[in-house]
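Trainee: I am new to this structure. Please take me through it and say what each term rests on.

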Amino acid sequence: MGAKREAKYEKWMERFLELTKSRKHTAKKAYAIIAKSESRDRDGNRPSAIVVERAIKSIKKQRKAEEQDD
């Protein structure tokens with residue numbers, strides 16, 4: 001995975017944790033908020049909530065694997 005994409009996913013993860021803190025929003029709603037806030041690419045498309053969800057889950061899985069390696 002590219003460094004630029006990795007940085008974007010990390011940003012999404014931080015935003016997700018911020019939105020779901022203290023049960024302010026459900027996870028599903030947080031994914032939608034993050035997707036809506038993302039800027040459009042050159043074709044005029046935004047990432048869907050499903051893409052955001054998969055990215056955040058992959059980051060979580062990656063972090064968990066790193067913790068187990070230590």
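Mentor: Helix H1 (residues 3-20) gives five residues to the lining of the largest pocket, the most of any contributor. Helices are DSSP runs (H or I, at least four residues), numbered from the N terminus. The model is predicted, so local features need pLDDT of at least 70 and side-chain atom pairs pLDDT 80 or more, while totals for chains, interfaces and linings use all residues. Residues are numbered from 1 along each chain as its sequence is written, and side-chain values use heavy atoms, leaving out hydrogens and water.

Trainee: How do you know that the span of H1 agrees with its 18 residues?

Mentor: The expected span is 1.5 Å times one less than the number of residues. For H1 that should be 26 Å, and its end C-alpha atoms are 26 Å apart, which agrees.

Trainee: What makes the buried residues of H1 line one face?

Mentor: Buried means under 20% relative accessible area and exposed over 50%, with partly exposed in between (1.4 Å probe, protein chains only). The buried residues of H1 are Tyr9, Trp12, Met13, Phe16 and Leu19. They fall within an arc of 130° seen down the axis, so they line one face of H1; the arc is that of the directions from the helix axis to the C-beta atoms. The face turned away carries the exposed Ala3, Lys4, Glu14 and Glu18.

Definitions and conventions. Helices (H or I, at least four residues) and strands (E, at least two) are DSSP runs, numbered from the N terminus.
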